[in-house]
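Morning, everyone. I have one structure to walk through today. Please keep the sequence and the 3D view open while I talk.

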Amino acid sequence: MELTLEYAKQLDQTDSLNRYREEFYIKPNTIYMDGNSLGLLSKRAERTLLESLNDWKEHGIDGWTKGKHPWFFLSEKLGEMMAPLVGASANEVIVTGSTTVNLHQLVATFYKPEGKKSKILADELTFPSDIYALQSQLRIHGFDPDTHLIRVKSRDGRFLDEEDIIEAMTEDIALIILPTVLYRSGQILDMKRLTAEANKRGILIGFDGCHSIGAIPHSFSEWGVDFAYWCNYKHLNGGPGSVGGLYVNKKHFGTAPGLAGWFGSKKEKQFDMEHSLTPAESAGAYQIGTPHVLSLAPLLGALEIFAEAGIENIRQKSLKINRFLMDLLDQELSDMGFNIGNPQEDVRRGGHVSLEHKEAARICKALKENGIIPDFRAPNIIRLAPVALYTSYSEVWEVVQILKKIMKERQYEKFANEREVVA
Ligand SMILES: *Cc1c(COP(=O)(O)O)cnc(C)c1O
């Protein structure tokens, strides 16, 4: 069947999530395809941020316990709101820190090398910040990252094979850290299977959920995942520098935080100001200091939308609109040097399309000049994320038409094929 603009419009009309689009600030004459890097502002997130500012205005110090969104309980409240998105109980999730800080905290807490069992297993395609954190944690323990950080190799530079990861789960591994979804290719790892294999071998396993939170459902508790961490500014639309999240399986409650601070206290004990910490009996124990209230506040509104729309519905639309984009790319751009570098199967693809082209850097610049916001990942990837809550099928149609025009007219040739400072 030939895909047409009329068909795209029909899909928009029957899309049950279409009504959320008007809740977001979408710049006129632009098509935002970068919600996997920084999600857009919604009116509800704006409202809860302004309400929190007003709590400060009205209550001063008393805003910790009074006002519309008392700050003392905000991280716990948001943890409860976020728990359904990761498949956890309310007290297994806390909204705190940032991705990298939370990884440091969780490794400081759960990496306990013993004798030969002292290595950390990761992969060669993961996000660099995770690797830097793991290398520095190994150094703190007196180990050489060159011998103690094992990175599973990719066979093709795009994907990881679960078989290869399982094979690398040897007796000398103390801890495994893997992404839920690879940030370039959008591949979803089989978390259930990998967790079962790690559990079987008595190796702790933690996941970086930055590219899956808010895009796909998870069942961390059911799968037996030991811990996870993620950022909230991508698919979750929490805003630039939004506070991150972490999950700790309840079987680990009571494990002393590796990096302790007074916000990890049992709430009732915190203001006793004792010099011995009584940690919370929940994921809250892994907080460190005073929460960044104004970077938490937009999440209240942002998460309301997820609760209402439902993560299963979001996933269904995400699969459908990403497939629509891939089918259109096949139909319109098959002879122009592009390759779709994300998995094709639904169970293995996340929330974005990974389009490869040797001129990717400057094609991205031409897209921006035409009002389309993609993102570029060196050396050759254009990431395009049609987002379930605010991207329309008609926009996806237009993106592909504009891309086709850019290629036909060789518009990209007037730009240098190199990345910007922030790509
Ligand atoms: C975005 C992202 C990060 C960013 O970490 P911050 O500490 O929030 O800067 C880390 N890991 C992955 C996989 C990401 O996609």
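Predicted model: local features only at pLDDT ≥ 70, side-chain atom pairs only at ≥ 80, totals over all residues.

Which helix gives the most to the nonpolar patch? That is helix H2, residues 43-59, with 3 residues. Take Leu53, which is found in H2. Leu53 has a relative accessible area of 33%, so it is partly exposed. The cut-offs matter here: buried is under 20%, exposed is over 50%, and partly exposed is in between.

Next, helix H5, residues 128-140. H5 has 13 residues. From first C-alpha to last, H5 reaches 19 Å, close to the expected 18 Å. In H5 they are Ser129, Asp130, Ile131, Ala133, Leu134, Gln135, Gln137 and Leu138. Just after H5 comes Gly142, with a positive phi of about 85 degrees.

Arg151 lies in strand E4, residues 149-152. Arg151 touches Ile131 and Gln135, and also Ala122, Asp123 and Glu124; residues up to four places away in sequence are not counted.

On to another helix, H12, residues 360-369. Here 8 of the 10 residues are buried, so the rest of the structure largely encloses H12. The buried ones are Ala360, Ala361, Arg362, Ile363, Cys364, Lys365, Ala366 and Leu367. Note that Arg362 and Lys365 are on that list. What covers the buried residues of H12? The cover includes strands E11, E12 and E13, and helix H13. After H12 comes Gly371, again with a positive phi, near 85 degrees.

Now the strands. Start with E8, residues 245-248. Side chains in a regular strand alternate between the two faces of the sheet. In E8, Gly245 and Tyr247 point one way, while Leu246 and Val248 point the other way. All of them are buried. Which strands are joined to E8? Strand E2, residues 93-95, is joined to E8 by 3 bridges, and the two run antiparallel. Val95 stands opposite Gly245 in that pairing. Strand E7, residues 227-230, also runs antiparallel to E8, joined by 4 bridges. There, Ala228 stands opposite Tyr247.

Stay with E7 and E8 for a moment. His235 is found in the loop between them. With 7% relative accessibility, His235 counts as buried. Its contacts, leaving out residues up to four places away in sequence, are Gly35, Asn36, His211, Ile213, Gly214, Ala215, Phe306 and Gly351.

There is also an open sheet of 4 strands. The order is E9-E10-E13-E12, and the pairing is antiparallel. E9 and E12 are the edge strands, so each pairs on one side only. E9 is joined to E10, residues 353-356, by 2 bridges. Ile340 stands opposite Leu355 in E10.

That brings us to the backbone spots. Most residues other than glycine have a negative phi, and most peptide bonds are trans. What kind of peptide bond joins Ala378 and Pro379? A cis one, with omega about 0 degrees. Pro379 is in the loop between strands E12 and E13.

Then two residues with positive phi. Asn29 is not a glycine, yet its phi is near 60 degrees. Asn29 is in the loop between helix H1 and strand E1. Its relative accessibility is 76%, so Asn29 counts as exposed. Arg410 is the other case: phi is positive, about 50 degrees, and this is not a glycine either. Arg410 is in the segment after helix H13. A relative accessible area of 47% makes Arg410 partly exposed.

One last distance. How far apart are Arg151 and Asn29 in space? They are 43 Å apart, C-alpha to C-alpha, and 122 residues apart in sequence.

That's my tour. Happy to turn the view to any of these spots.

Note on methods:
Residues numbered from 1 in each chain as written. Heavy atoms only, no water. Buried < 20%, exposed > 50% of the residue type's maximum accessible area, 1.4 Å probe, protein only. Expected span 1.5 Å × (residues − 1). Contact = heavy atoms within 4.5 Å.
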